[in-house]
Amino acid sequence: MLQKSIRSIQKVFLLLHNVTVQWLMDNYETAEGVSLPRCTLYCHYLLHCQQTKLEPVNAASFGKLIRSVFMGLRTRRLGTRGNSKYHYYGLRIKSNSPLHRLVEDQQHLAMRQQPYSQKQRIKPVQKVEGLTNGMGLGLGHQQGAGLSDISAQVHQYQQFLDASRSLPEFPELKDEGIPLPDGLHPQHVHTYQLIYREHCEAILDVMVNLQFPLVETLWKSFWRFSEGQSSETDTLDLHDESEKRLPKSVLVLLCKYEPVLNWARECDNLLYQSLVEILIPDVLRPIPSALTQAIRNFAKILENWLTNAMINIPEEMVRIKIVCAGAFAQTLRRYTSLNHLAQAARAVLQNTAQITQMLSDLNRVDFTNVQEQASWVCGCEDGVVQRLEQDFKLTLQQQNSLEQWAVWLDGVVSQVLKPYTGSPAFPKAAKLFLLKWSFYSSVVIRDLTLRSAASFGSFHLIRLLYDEYMYYLIEHRVAQAKGETPISVMGEVDIQTHTCMHAVKQTVMQ
């Protein structure tokens, strides 16, 4: 009975193998002097699997298949340092292939040793049936039902993205004097670094093309996820090439090794920061509602995707990955909300009648009483507060644009925090200023409310925007002072929250 089941499985996989081989031969051909990015070819394959309802194999296994179809194919790393990618040298898309509807010809043809330009990364992606509403490639989950797929309109949205940004160099992995556990060798660590870099580059590429559902597939592929697996040994090995490069048992051991855990955290923070700056390069610039909604839907579901993909991976690694992904998701939510507020406030700041009413209401506020309360509660200096009040009224009177208001807010932060520049006390001073700013603005809003100010709604909207933008500025200043990414700074908050919740849980259980 067992032998019969094995033969049946082998027949199924042989059929799937033949379908993919035929697809490769129909769409690609060998040629001298040209090359094709390895990650691009894998993305084509993932979309092919979606169309044909096939279960995709991981990138390593697919690479083995490529070499078996196109014998003698060479691999080269092309591009400048920090901006290079692995390419299949001597391979190109056939002239009659429908894949030309997915990419611009110049992106993949005639590379001829030229550095790969990240500015050419965006490509019009054909809308694929089944990819809509977040159905992952043959791995449809109900949790992805609300995810928008706007990859087919990527050219429509490319002006709002920063596709020129590449994945920065990853830091060196430091062993910190901690010996390798039994069963691990230095080569295992080196291999893990190589394949993880390739994995992150693939994620960046699909994100640039707004193919959000493919992120889940890439995660499942890297962590060797298999449907229905019940132990650390997959019920069916779909990852034979990955097993040769880095066996699953070794991957599990690496996920418990502290230096690898620390390195993974640093790499994820760099990756996610790059993705944020690609998707939302300017938090104040108007973004189409469809793009905003797609980003927000992705942010809602990405932690679930990652958790599900890391079944049977050690808890130590899962915790670090989830904290980093959580900070990424939270940042996307905050930045899209900030952008939404900015566009609503822009309409107010451009309305002369509303500005006139706001000035009239503001001049009736009892700033002496406001200052007394602020001084008693948070020690706001009289001189600084008076100067901010005068500058605010003057900027409002001049009917400055939203961008000019942003410059003013940035100047306020620079002025207040200048005495702490280069000091270890900078982060604490920055956070304290944020608290003072929030308290002071709330007291002003309260005074306007009690006076039934006609422009209360406008002030409330402006206050929300300025508080959010001030948080954004402080977040970046603190990250700069600490030599970290804003994502990693927010990740520290998530770690503290997780630690506190765990402590509370333990206390309750006791």
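Visitor: What covers the buried residues of α15?

Guide: Here buried means under 20% relative accessible area and exposed over 50%, with partly exposed in between (1.4 Å probe, protein chains only), while a contact means heavy atoms within 4.5 Å. The cover of the buried residues of α15 includes α13 (352-362), α14 (367-378), α16 (402-417), α17 (426-450) and α18 (456-482). Helices are DSSP runs (H or I, at least four residues), numbered from the N terminus. This is a predicted model, in which local features need pLDDT of at least 70, side-chain atom pairs count only at pLDDT 80 or more, and totals for chains, interfaces and linings use all residues. Residues are numbered from 1 along each chain as its sequence is written, and side-chain values use heavy atoms, with hydrogens and water left out.

Visitor: Which residues of α15 are buried, and which exposed residues does the face turned away from them carry?

Guide: V385, L388, F392, K393, T395 and L396 are the buried residues of α15. Judged by the directions from the helix axis to the C-beta atoms, they fall within an arc of 165 degrees and so line one face of the helix. The face turned away from this buried side carries the exposed residues Q390 and Q397.

Visitor: How many aromatic pairs does a search of the whole structure find?

Guide: Rings of Phe, Tyr and Trp (its six-membered ring) pair if their centres lie within 6.5 Å; planes under 30 degrees apart count as stacked, over 60 as edge-to-face and the rest as tilted. The search finds 23 such pairs, one of them the tilted pair of F392 and W405, at 5.1 Å centre to centre with 55 degrees between the planes. F392 also forms an edge-to-face pair with Y466, at 6.5 Å and 75 degrees, and because F392 lies in α15 and Y466 in α18, this pair ties together parts 74 residues apart in sequence.

Visitor: What confidence does the chain average?

Guide: The predictor's confidence in each residue, pLDDT, runs from 0 to 100. The chain averages 80, and 78% of the residues score at least 70. Over residues 229-238 pLDDT stays under 50. Where pLDDT is low, the predicted coordinates should not be read in detail.

Key
Helix = DSSP H or I, 4+ residues; strand = E, 2+ residues; numbered from the N terminus.
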